Structure formats: C-alpha cells, structure tokens
Amino acid sequence: SDAVVLTTADIQDGTLYKVTKKASTPVQIPLHPDLVDALAKLKPYSGGYYFWNRQTEGSSPATPEGNFGKLLAELFRDAGIKSDTTDVHHVSHMLRNTFAVDLLERGVAMADVSLMLGHKSVKTTELYYADFTKKYMDTAAEKIRKVWALE
C-alpha cells in the first residue's frame with residue numbers, strides 16, 4: 001500500500017525514505033538503479049504522487065490502496081502463488097517477506113534487515129525470519145569458522 005502513495009519527496013538520491021505505518025519507525029531503503037530510472041521517467045500526479053491521481057484535497061488513499069491489494073491478490077492467484085488467505089494486506093505482505101528473506105540469503109546481516117523492515121528490535125526480525133532460511137544459518141556458521149581460522 002505504500003507504493004500506491006509513493007511521492008517524489010519519498011525518494012532522495014536513490015533512497016526511499018518512509019515512516020512505517022505499524023511502528024511509526026523511519027526507514028531508508030536503497031533502491032535499485034533501474035527502479036530509480038523508471039520512476040524518473042514517470043510524470044507524477046498532483047502532490048507528487050507516482051501512482052495515485054488524487055482527485056480532491058481531502059480524498060483518502062484507502063480506495064486506491066484497497067484496489068491495489070485486490071489486483072495484487074489476483075496477480076498472485078493467476079501466477080499460481082498459494083496463499084492461505086485472500087486478505088489483501090496479507091497477500092501484499094508476502095512481498096515484504098520475500099524482500100527480507102532474499103536479503104538474508106544474500107548475506108545481509110539480520111540487524112541490517114531489521115532496519116530495512118522498520119522493526120524496533122532485531123528480536124522481532126529474528127522471530128519471523130531466522131528459521132526461514134537455511135542459507136542465512138549456513139552463512140552465519142561459515143563466518144564463525146573464518147573467525148576460528150584467524151586464532
């Protein structure tokens with residue numbers, strides 16, 4: 001849903017700056033250069049929004065956010081991605097989980113992933129993701145073996 005209300009002001013020097021809705025935690029996420037280039041080619045709507053054509057000053061993003069979630073759920077279903085719910089917030093949250101697991105599997109430290117997700121504590125990230133990927137555990141074990149080799 002954050003993508004629906006993304007504005008030009010949210011991105012500075014290739015980095016996305018947002019405050020999470022749930023924990024009100026500020027996050028900054030480096031964006032892939034291809035995404036930055038693609039966004040630069042878009043003509044933003046009033047208010048600097050990339051994807052929301054806000055019709056009136058008092059309009060709410062709830063409708064476009066809901067529509068985005070429904071379209072995303074349909075896309076997942078059509079692609080054969082299984083979900084145990086049709087709740088649009090749960091389905092879109094799967095992208096967040098994929099982001100976190102992909103970072104962990106590529107060797108990004110749990111504490112750094114925690115920052116990207118806006119968790120107030122790395123323990124929250126560990127609770128949800130430490131057991132999720134074997135590669136993360138293998139990487140951690142390899143780092144320990146390297147430390148032992150230095151002794």
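At 59% relative accessibility, Asp-78 counts as exposed, where exposed denotes over 50% relative accessible area, buried under 20%, and partly exposed the range in between (1.4 Å probe, protein chains only). The structure is a predicted model, in which local features need pLDDT of at least 70 and side-chain atom pairs count only at pLDDT 80 or more, whereas totals for chains, interfaces and linings use all residues. Residues are numbered from 1 along each chain as its sequence is written, and side-chain values use heavy atoms, with hydrogens and water left out.

The side chain of Asp-78 meets that of Arg-77 in a salt bridge, with an N to O distance of 3.2 Å. A salt bridge is taken as a side-chain nitrogen of Lys or Arg within 4 Å of a carboxyl oxygen of Asp or Glu. Arg-77 is likewise classed as exposed, because its relative accessibility is 54%.

Lys-18 belongs to strand S2, which spans residues 15-19; strands (E, at least two residues) and helices (H or I, at least four residues) are DSSP runs numbered from the N terminus. When residues up to four places away in sequence are not counted, Lys-18 touches Asp-2, Val-5, Asp-10, Thr-25, Pro-26 and Val-27, contact being defined as heavy atoms within 4.5 Å. Between the C-alpha atoms of Lys-18 and Leu-6, which are 12 residues apart along the chain, the separation is 9.2 Å.

The loop between S1 and S2 contains Asp-13. The phi angle of Asp-13 is near 50 degrees, a positive value in a residue other than glycine. Asp-13 is exposed, because its relative accessible area is 81%. Thr-7, in the segment before strand S1 (11-12), counts as buried at 11% relative accessibility. Apart from residues up to four places away in sequence, the contacts of Thr-7 are Gly-47, Gly-48, Tyr-49 and Tyr-50.

Helix packing was examined for H4 (residues 110-117) and H5 (residues 122-129), whose axes lie 9 Å apart at an angle of about 100 degrees. The two helices are therefore roughly perpendicular, a class that covers angles of 65 to 115 degrees, with angles under 35 degrees counted as roughly parallel, those over 145 as roughly antiparallel and the rest as oblique. Axes are lines fitted to C-alpha atoms, for helices over the stretch in contact, and angles run from 0 to 180 degrees between N-to-C directions. At this packing site, Met-110, Ala-111, Val-113, Ser-114 and Leu-117 of H4 meet Val-122, Thr-125, Glu-126 and Tyr-129 of H5.

A nonpolar surface patch of about 330 Å² is made by Ile-144, Val-147 and Trp-148. Patches comprise residues with over 30% relative accessible area and no salt bridge, like charges being joined within 9 Å and nonpolar side chains (Val, Leu, Ile, Met, Phe, Trp, Tyr) within 5 Å; accessible areas come from the Shrake-Rupley method with a 1.4 Å probe, and for residues only the protein chains shown count as cover. Val-147 lies in helix H6 (residues 134-150) and is partly exposed, with a relative accessible area of 47%.
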